[in-house]
Amino acid sequence: MPETLRPLVICAPEPRTLDLIFTPVALEQLKAKYRIVEADPDDIAGLGDDILGEARYIIGQPPLSAETLQRMPQLRCILNVESNLINNMPYEVLFARGIHVVTTGQVFAEPVAEMGLAMALNIARGIVDADVDFREGRELWGGEGNARSRLLSGADVGIIGFGDLGKALNRVLSGFRTNTRVYDPWMPASILIDNGVKPSSLEEVLTQSDFIFVVAAVTSENQHFLGTDAFASMRPGAAFILLSRANVVDFDALMAAVASGHIVAASDVYPDEPLPIDHPVRRLKGFLRSAHRAGALDSAFKKMGDMVLEDMDLMDRNLPPMRCKRAERETVSRMRSKPVSVN
């Protein structure tokens with residue numbers, strides 16, 4: 001296809017890179033089919049009208065103003081490969097013009113769900129602590145080493161949030177025959193029932209679960225909504241596993257609940273990342289830690305590029321995007337997740 005006929009794509013995927021989210025073959029396909037303009041996200045407004053006026057797609061989540069969008073009459077879609085929706089563009093203008101905003105966040109659902117399962121199994125069976133004890137020659141053999149162990153199979157499980165990650169978590173738990181309750185105020189009860197879980201109130205999930213998985217997105221309505229009272233209401237010895245974003249909990253209250261011995265916890269996310277070296281959670285007994293790595297698999301990143309290519313091909317043929325998840329008019333402005341600072 002002649003250079004002037006190929007659609008123009010502005011690529012500003014920070015904190016991702018094109019090499020991270022596209023396989024070499026997929027990147028060749030992208031460059032063969034489209035004219036690529038790579039830009040720093042903060043420099044989009046400074047691009048010339050010859051670029052903005054022809055841009056069909058943006059790969060990334062750069063800050064955009066209504067004035068910049070006015071200079072982009074051909075824009076069809078913003079493909080957010082960071083995957084957290086933040087309030088850095090006038091979504092009402094985008095929706096009014098019929099410009100799609102889509103995210104690739106569902107690529108992380110299965111990897112994060114598997115990490116959540118691993119954390120639950122470790123808490124149930126003390127795998128990491130037993131390994132450390134063995135290395136240091138103080139292991140306990142047989143039943144003596146299982147004084148605090150329990151089964152995940154048949155346990156009462158609570159899930160807070162039931163988007164892509166919640167559904168993936170429910171799938172990986174299915175073989176354990178758990179009695180699963182779900183709290184998600186944005187989800188109709190019939191969808192929960194169709195997925196084999198019990199629609200429940202937040203109180204029911206907190207008070208009737210042996211393992212609680214938090215996979216809710218951060219919104220304007222739920223920041224720090226899990227605090228001292230929530231943790232106090234949990235069953236003694238229950239496990240609290242945080243997989244989505246730290247800002248849904250009062251992290252100090254969570255640490256206090258663990259330090260008191262009332263509950264145990266695991267987390268892949270923290271209020272500040274990277275976490276300060278002197279942060280008290282690093283030394284907290286009863287707290288299993290992971291450095292925001294649950295979803296960061298190369299295979300997941302590469303799926304992003306495939307999804308982007310497939311959806312751009314659909315839109316090139318005047319069809320709607322189907323592989324990425326579309327932002328919803330009613331909820332996009334409520335999202336409050338921080339963008340990731342590291343891959």
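User: Where is the place of Asp43?
Analyst: This is a predicted model: local features need pLDDT of at least 70, side-chain atom pairs count only at pLDDT 80 or more, and totals for chains, interfaces and linings use all residues. Residues are numbered from 1 along each chain as its sequence is written, and side-chain values use heavy atoms, without hydrogens and water. Asp43 has 45% relative accessibility and counts as partly exposed (buried is under 20% relative accessible area, exposed over 50%, partly exposed in between; 1.4 Å probe, protein chains only). Its place is the loop between strand 2 (35-38) and helix 3 (49-52).

User: Which residues of helix 2 are buried?
Analyst: Helix 2 covers residues 24-33 (helices are DSSP runs of H or I, at least four residues; strands are E, at least two; both are numbered from the N terminus). The face turned away from the buried side carries the exposed Pro24, Val25, Glu28 and Ala32. The buried residues are Ala26, Leu27 and Leu30.

User: Which residue forms a salt bridge with Asp156?
Analyst: A salt bridge needs a side-chain nitrogen of Lys or Arg within 4 Å of a carboxyl oxygen of Asp or Glu. Asp156 is buried at 17% relative accessibility. Its closest N and O atoms to the partner are 3.0 Å apart, and that partner is Arg235.

User: How far apart in sequence are the parts that Asp316 and Arg56 tie together?
Analyst: The two side chains meet in a salt bridge (2.9 Å, N to O). Asp316 lies in helix 13 (residues 298-316) and Arg56 in strand 3 (residues 55-60), so the parts tied together are apart in sequence by 260 residues.
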